[in-house]
Amino acid sequence: VLFSNNILPKEAEKLGMLVKRLGGSTTVKHSEFTHFVAPDFKRTENLLIALSAGRPVTTPAWVHACVSAHKFLPAAPNYLLLDKKAEKQFSFSMISSHQRANRAPLLYGIQVCILPAALKTPAGQMLTRVLPYAGGHVLPFKRVQHTLPSPRDAPRSLIYIAAPEDEDKCTDLLKVKREIHSTEFLLASMVHQKLDYNTFQMFTSSNSKEKDGKKVTK
């Protein structure tokens, strides 16, 4: 079990003792945890990894319910974290997102290139750590730069992520009609566990799309 940093240390310690009493263990390693326990929904690295990997995002109530039952109970669907405020804010359903992640990794068969300026941002750095858990593979821009796709290549087998400062590096990509997205495109996709390519596009000439990567308003 991995506990959210938003749980107070003393409470996390008590919950950890309960988990161990049931025969489980606690960890801080992303490669080891099977359940993520959080008091509420915050779009943190730990939560996005748990959601993308199809691991239950649950609450302290799940731990207490397991203690009462003297065994570990299935976290989904009864004990998944349901934060109505966050679900309204991000327009998603935790239950639906968890189900999608368990059907197939969000980025299965997809490669992601994060351009230099975007890579320097906190969101870009976090994406490099989260993407593998969503089935994605990060390609260095230098490698992609010298092997630009042709217009006939599958347009969405490689996702390009950029910041406004990357515009000059996107000229050749735009010439072969490649879509460029902001980091928010993937962050939002991980919450929903589905890709909506019409959102958060960058450097488009259409009046219905914002240059800074905001959501398309059609």
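pLDDT is the predictor's confidence in each residue, from 0 to 100. The structure described here is a predicted model. Its chain averages a pLDDT of 90. A score of at least 70 is reached by 88% of the residues. Confidence falls under 50 over residues 206–212. For that segment the model has twelve contacts beyond four places in sequence.

Aromatic pairing was examined next. Five aromatic pairs are found in a search of the whole structure. One of them joins phenylalanine 41 and phenylalanine 92. Phenylalanine 41 sits in the loop between strand E2 (36–37) and helix H2 (45–52). Phenylalanine 92 sits in the loop between helix H4 (84–90) and helix H5 (94–103). The two positions are 51 residues apart in sequence, so the pair ties together separate parts of the chain. Phenylalanine 41 has a relative accessibility of 6% and so counts as buried. Phenylalanine 92 is also buried, at 8% relative accessible area. Phe41 and Phe92 belong with Phe90 to one aromatic cluster.

A further pair involves phenylalanine 185 and tyrosine 197. The ring centres are 5.7 Å apart and the planes stand at 40°, so this pair is tilted. Phenylalanine 185 belongs to helix H10 (residues 183–192). Tyrosine 197 lies in the loop between H10 and strand E8 (201–202). Twelve residues separate the partners, and the pair links distant parts of the chain. Phenylalanine 185 is buried, with a relative accessibility of 1%. Tyrosine 197 has a relative accessible area of 14% and is likewise buried. Both values fall under the 20% cut-off for burial.

A charged side chain also meets an aromatic ring. Arginine 55 lies over the face of phenylalanine 33. The distance to the ring centre is 4.6 Å.

Three strands form an open sheet in the order E1-E2-E3. The pairing is parallel. Strand E1 (2–3) and strand E3 (57–58) are the edge strands. Each of these edge strands pairs on one side only. E2 and E3 are joined by two bridges in the parallel sense. Valine 37 stands opposite threonine 58 in E3.

How values were computed: Residues are numbered from 1 along each chain as its sequence is written. This is a predicted model: local features need pLDDT of at least 70, side-chain atom pairs count only at pLDDT 80 or more; totals for chains, interfaces and linings use all residues. Side-chain values use heavy atoms; hydrogens and water are left out. Contact means heavy atoms within 4.5 Å. Rings of Phe, Tyr and Trp (its six-membered ring) pair if their centres lie within 6.5 Å; planes under 30 degrees apart count as stacked, over 60 as edge-to-face and the rest as tilted. Helices (H or I, at least four residues) and strands (E, at least two) are DSSP runs, numbered from the N terminus. Buried means under 20% relative accessible area, exposed over 50%, partly exposed in between (1.4 Å probe, protein chains only). A charge sits over a ring if NZ of Lys or CZ of Arg is within 6 Å of the ring centre and within 35 degrees of the ring normal. Two strands pair if DSSP finds at least two bridges between them.
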